[in-house]
Amino acid sequence: MPKPTYPAYNTGDFLVDYEEKVFEDVKAKPGEKALVTFHTVAFEGSIGLVNLLTAIRLQRKGFETSVLLYGPGVTLGLQRGFPKLGSEAFSGHLAVNQQIVRFMEEGGKVYACRFALQALYGHGEHALIPGIKPISPLDVLDIQLLHRREDAFILHSWTL
């Protein structure tokens with residue numbers, strides 16, 4: 001059996017060159033907008049968390065950034081916790097909720113479709129994280145069209 005001829009990794013080692021940046025650091029021009037849409041179930045993959053972090057980054061780059069939760073995406077905006085709301089059952093359990101709150105605290109806007117809340121998932125508006133704006137299902141398309149009209153950057157997150 002061959003034996004490795006290189007030393008084992010140690011805590012604190014660098015495995016990649018994390019300092020090299022290939023592209024310019026793009027900042028928003030005055031008035032530029034961004035929209036990040038979520039049609040994904042909370043905890044069914046990393047896309048919800050990763051694109052919330054992307055929304056925060058867009059906001060910090062100067063884009064007026066909005067998040068749209070629709071379909072199963074509304075599950076990202078629900079208050080959760082165990083044994084009571086706000087209690088983290090295990091480390092990382094409330095990561096999505098914490099990032100939504102952080103995004104809104106930094107000026108981002110979050111919208112959630114009322115149809116998905118009630119008809120699909122049996123929740124009322126009171127179940128949303130405070131600060132999330134419930135919207136009509138007819139607004140789901142219009143918010144996207146308005147952002148398109150304004151030549152905004154739109155990032156769609158869609159999983160099944």
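The model is predicted, and the chain in it has 4 helices and 5 strands. With a radius of gyration of 19 Å, well over the 15 Å that the globule rule gives for 160 residues, the chain is more spread out than a compact globule.

**Overall dimensions and surface**

- Taken along the principal axes, the box filled by the C-alpha atoms of the chain is roughly 60 × 45 × 30 Å.
- The accessible surface of the chain is about 10600 Å², and carbon and sulfur atoms contribute 57% of that surface.
- The chain carries 16 positive and 17 negative side chains, and the centres of these two sets are 3 Å apart.

**Burial and contacts**

- Of the 160 residues in the chain, 39% are buried.
- Among contacts with a separation of 6 or more, 71% are made by residues 24 or more positions apart in the chain.

- Helix α2 spans residues 95–105, and its buried residues are A95, V96, N97, Q99, I100, F103 and M104.
- An α-helix has 3.6 residues a turn, so residues three or four places apart point the same way.
- The buried residues of α2 pack against one helix, α1 (47–60), and also against the strands β2 (64–69) and β3 (109–113).
- After α2 comes G107, a residue whose phi is positive, near 105°.

Definitions and conventions
Residues numbered from 1 in each chain as written. Predicted model: local features only at pLDDT ≥ 70, side-chain atom pairs only at ≥ 80, totals over all residues. Heavy atoms only, no water. Helix = DSSP H or I, 4+ residues; strand = E, 2+ residues; numbered from the N terminus. Rg over C-alpha atoms; globule rule 2.2 N^0.38 Å. Buried < 20%, exposed > 50% of the residue type's maximum accessible area, 1.4 Å probe, protein only. Contact = heavy atoms within 4.5 Å. Areas by Shrake-Rupley, 256 points an atom, 1.4 Å probe, with all protein chains shown as cover. Lys, Arg positive; Asp, Glu negative; His and termini not counted. Charge placed at Lys NZ, Arg CZ, Asp CG, Glu CD.
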